[in-house]
Amino acid sequence: MPADSPARLPAELTLRGLRVFVALEEAGSIAGAAARIGGSSSGVSQHITALESAIGAKLFDRRAKPVTLTPAGQLLRAHAHRILSVVSEAQAELAEISMTNLPSLKLAIIDDLDASLTPVLVSALQARFRNCFVHAFSGRSDHIIERLQSRDADIAVTALLPADSNTYQSVPILREAFILVAAKGAIRPDVDVRATLARLPFVQYSETMPIGQKIAQHLKRVKLNVPRRFAFEATRSVLAMVVQTGGWTLTTPLNLLDAERFIPMLDILPLPFAGESRHIHLVARAEELGHLPEALARDCRRILRNVLVPRFCAIAPGFEAAIEVAEDDG
C-alpha cells in the first residue's frame, strides 16, 4: 500500500447494523428484514456482512429456511437487544428534555371523543409545555390517520391504525362493543328481535366511513339482510332518523354519548346475534415525542374512567361490559 494511501478502518459494530441483525433474526428472511426496516434486501445483506466482518464470525446460516442463528449469532442476540433497548430509552429521555421548549403540537381526535377528550388533552399539554401552541382537529378515523401520515397531526386518537406499524407507536385506550339502539317501544321484549329488525327501517352509517364499513361487514357476517334506504355520517343524524322512522341502528357507547339528547326517545337492547367491537388508540410517530404519548394516553383513560364510563352506565344499566378502558402500564 502506498505511504500516502488512507489506512482502511476496521469494520465496527453500528446501531444500524444491530437493528438490521435484530430485524433478520425476528423476520427469518432477508426480504422480511428489509420490509421491517424499510430498506432493500441488498442493504440488509451488506449490513450483516459488515457485522460478521467486525465480529470475525458468521452470524446466520443463510441457507436455512428460515435463516437461523449460528452460535456467534446467538451470543450477539442478547447483547443486541440490550444495547438497542438502552439506546431507545436514552432517545426517549433526550426527546423529553428537548420538548420542554416545544413550540407547537397538532392533535387529531375522533369525533366521538372530541368534546370529552380535547379539552383534557389540551390542558394536559399546556401544563407540561407552557409556551406550546396546541392546534386540535376532530374528524373521522380515516381522515385523522391521513393527517398523521402527512404530518398535519402529531398525535391522533383514532379507531384505525396506520398500516406501517414500524413508523408509528400506538397506545391502547378503549374497547367498546356495538350496541343495538331502537326507537322507544319499536321492539317489544316478547317478540323475535331478529325478525323484527329485518322488518323495521335500518338507519345506517355511511359506508364511506370506517364505522359504517365495520357495521355493514358485521351484518353480512351474521347474515342479517336489511334494506338499504339511507345513510348518514353524523351520529346525531343517525339517531334522529331512528326516532323519526321508528327504526333501529347499531352504534357504540361513545357515539351514543355524543348524541345524548336523543336517549330518552330510544331503547338500548341486547344484540340478537354475535357481537362486534372497535378499539380506540392514541397514535404518534415512533421515537419523536419521548414518553408524551403514554402520558397523554393515561390522561385519556382517566377521563374515560371518571366521566364517560359512569355516564354510559347510568343511561344503559346492564350494558357495563360494552365499554372497557385499557389498563395503565405499571
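The protein chain has a radius of gyration of 26 Å, while a compact globule of 330 residues would have one near 20 Å. This is a predicted model. Along its principal axes, the C-alpha trace spans about 95 × 50 × 35 Å. The chain holds 11 helices and 13 strands.

**Overall build**

- Of the 330 residues, 45% count as buried.
- The chain exposes about 17,000 Å². Carbon and sulfur atoms supply 53% of that area.
- Take the contacts between residues at least 6 apart in sequence: 74% of them join residues at least 24 apart.
- The chain carries 36 positive and 35 negative charges.

**Nonpolar cores**

- The largest nonpolar core has 80 residues. Those with the most contacts inside it are L113, I155, V157, L219, W248, L256 and F312.
- Helix 11 (residues 292–315) gives this core its largest share, nine residues.
- What does F312 touch, leaving out residues up to four places away in sequence? Its partners are I179, P253, L256, L257, F319, A322 and I323.

- V120 sits in helix 5 (residues 111–128).
- Is V120 buried or exposed? Its relative accessible area is 18%, so V120 counts as buried, the cut-off being under 20%.
- Not counting residues up to four places away in sequence, V120 touches D299, R302 and I303.
- V120 and R302 are 182 residues apart along the chain. Their C-alpha atoms are separated by 9.8 Å.

**G38, between two helices**

- Where is G38 found? G38 is in the loop between helix 2 (30–37) and helix 3 (41–55).
- G38 has a relative accessible area of 68%, so it counts as exposed, which requires over 50%.
- Along the chain, G38 and D164 are 126 residues apart. The separation of their C-alpha atoms is 9.8 Å.

**Backbone details in loops**

- The peptide bond from K65 to P66 is cis. Its omega is near -5°.
- P66 lies in the loop that runs between strand 1 (60–61) and strand 2 (68–69).
- R151 is not a glycine, yet its phi is positive, near 65°. Its loop lies between helix 6 (141–149) and strand 5 (155–158).
- R151 has 43% relative accessibility, so it counts as partly exposed, the class between 20% and 50%.
- K223 also has a positive phi without being a glycine, with a value of about 60°. K223 is placed in the loop between helix 8 (210–221) and strand 9 (231–232).
- Why does K223 count as exposed? The reason is its relative accessible area of 66%, because exposed means over 50%.

Methods
Residues are numbered from 1 along each chain as its sequence is written. This is a predicted model: local features need pLDDT of at least 70, side-chain atom pairs count only at pLDDT 80 or more; totals for chains, interfaces and linings use all residues. Side-chain values use heavy atoms; hydrogens and water are left out. Helices (H or I, at least four residues) and strands (E, at least two) are DSSP runs, numbered from the N terminus. The radius of gyration is taken over C-alpha atoms; the globule rule is 2.2 Å times the number of residues to the power 0.38. Buried means under 20% relative accessible area, exposed over 50%, partly exposed in between (1.4 Å probe, protein chains only). Contact means heavy atoms within 4.5 Å. Accessible areas come from the Shrake-Rupley method with a 1.4 Å probe; for residues, only the protein chains shown count as cover. Lys and Arg count as positive and Asp and Glu as negative; His and the chain ends are not counted. The place of a charge is taken as NZ of Lys, CZ of Arg, CG of Asp or CD of Glu. A nonpolar core is a set of buried Ala, Val, Leu, Ile, Met, Phe, Trp, Tyr and Cys residues joined through side-chain atoms within 4.5 Å.
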